[in-house]
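Open the model in your viewer and keep the sequence panel beside it. This tour goes from one selection to the next.

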Amino acid sequence: MSDHEHITTTSDTYKNQINGLMTITEAINENASISQLFDIYKAAIQRHYQPSDITLCINTVEGMKVYSSDPTKSWKEYAPVYHKFGKQKSKYLRSHNGEVFIPVYHKNHLIALVHLNDMDYWDKEELDFLKTITNFVAIAIENKRLFKQRIDQENYRTQLGLARQIQHSLMPHHFADSRELEFKTLYIPHSEIGGDYFDFFHIKNSHVSIFCIADVAGKGIPAALLMANLQASLRRLSINFTDLKYLLSGLNKAVFESTKGDRLVTIFLAAYDVVKNELQYINAGHPYPILQTKNQGSRFLKNGTTPIGISETLPEVSVGTEIIQDETVIFAYTDGLEELRNSHGHMMGHQKILTTLHKMPFGEIELITEEIEGFIEKFKENEPIGDDITVLLCKIKPDGIVQ
């Protein structure tokens, strides 16, 4: 080959390389898909180097993907060599049988690996261009992944904010205490939206007040929406209240129709008749609330049934009845309190809750709420909470001892 022919060949090669880069740049600017970018990359490589096949292993939004001119290639086949390059941080690897591996790193993390088979020739300059064009494509794909990830995170934060607004609007911010009933609450949210819910209201034109505490399984938007559905159903069904079994059956049906059995709700549902001084309750799979009186001590409220929403009809339901003769406190909570763990991995558990409650001044529910919050902080020892913690305290002052 003459010097003129060599210069012409070198010039043509350089022009082809520039054209290849320009084509890829145009595709990136036009927001081409990963498949389209790989096709352009593949065409540029095949035109210059004639490998028998080209394979790109790349990290995408959906996880690791393999794009190849050989449809039989899979991630399972390339995973070991990909992880090897992830550890050793090599520039490239070439073998005597014409194989070339080109890794691409971004911020010291392997984001892509190209495998070329049966390369006819190479030299340092050719491999440098291969490295350049591969980096160009891989970084473009990585930027697409990061952009999509950022958009997804922003959308998630927007949805999370909406869920928080839903949850905040449904949680009563103050209770219209009656002369017979007084309420205090404590709510410590988890970093994610949970499904804790509590409520209290008087049934119009009756002597009955309804209160409850519930926990919707799961977190995020689905839990917040189901919680909203639960509150709406409870208020609607309570308009024509007759008894707790009917009310709970209606709630179960509403939750089941909404979720088709995919989610469940634990709930402690109570009705207090201010004329009869009678408390009726159903505990549907919820942590046992504690009923405490000054003279008769404490006991758990266990009567009930399974959580609601599991099946279209509930199994046998046992309604608990308590005649309230003296000032009484009901301490109810969600399982986030029982399952709270300290730095040693020890769980709070219901027995420690009961023991702690016994140490507090009876009937002073505002003070109890403050002391429980302080006790939680002390117990968990700066450990993060694993779930929402909700506490509902109800003080019943039966007619005749109202102060």
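Does Lys 397 count as buried or exposed? Select Lys 397: its relative accessibility is 15%, and because buried means under 20%, Lys 397 counts as buried. Keep in mind that this is a predicted model.

**The partner of Lys 397**

The side chains of Glu 182 and Lys 397 form a salt bridge, with N and O 3.7 Å apart. Glu 182 belongs to strand β6 (residues 181-188), while Lys 397 sits in the segment after β16 (389-396), so this pair ties together parts that are 215 residues apart in sequence.

**Helix α9**

Next, select helix α9, residues 365-380. Within α9, find Glu 377 and Lys 380, which are three residues apart, about one turn of the helix. They form a salt bridge, and their closest N and O atoms are 3.8 Å apart. How large is the relative accessible area of Lys 380? It is 11%, so Lys 380 is buried. Glu 377, at 42% relative accessibility, counts as partly exposed.

**Helix α2**

Move to helix α2, residues 34-49. Show the side chains of Asp 39 and Lys 42, which meet in a salt bridge of 3.8 Å from N to O. Asp 39 and Lys 42 are separated by about one helical turn, because they are three residues apart in α2. Asp 39 has a relative accessible area of 41% and is therefore partly exposed.

**Helix α5**

Select residues 220-238, which make up helix α5. Use the distance tool on the C-alpha atoms at its two ends. They are 27 Å apart, which agrees with the 27 Å that 19 residues should span at 1.5 Å a residue. Then colour the buried residues of α5, among them Gly 220, Ala 223, Ala 224, Leu 226, Met 227 and Leu 230. Further along, Gln 231, Ser 233, Leu 234, Leu 237 and Ser 238 are also buried.

**The whole chain**

Of its 403 residues, 47% are buried. Among contacts with a separation of 6 or more, 66% are between residues 24 or more positions apart. Switch to the surface view: the accessible surface comes to about 20800 Å², and 50% of it belongs to carbon and sulfur atoms. The salt bridges in the chain number seven.

Terms used: Residues are numbered from 1 along each chain as its sequence is written. This is a predicted model: local features need pLDDT of at least 70, side-chain atom pairs count only at pLDDT 80 or more; totals for chains, interfaces and linings use all residues. Side-chain values use heavy atoms; hydrogens and water are left out. Helices (H or I, at least four residues) and strands (E, at least two) are DSSP runs, numbered from the N terminus. The expected span of a helix is 1.5 Å times one less than its number of residues. Buried means under 20% relative accessible area, exposed over 50%, partly exposed in between (1.4 Å probe, protein chains only). Contact means heavy atoms within 4.5 Å. Accessible areas come from the Shrake-Rupley method with a 1.4 Å probe; for residues, only the protein chains shown count as cover. A salt bridge is a side-chain nitrogen of Lys or Arg within 4 Å of a carboxyl oxygen of Asp or Glu.
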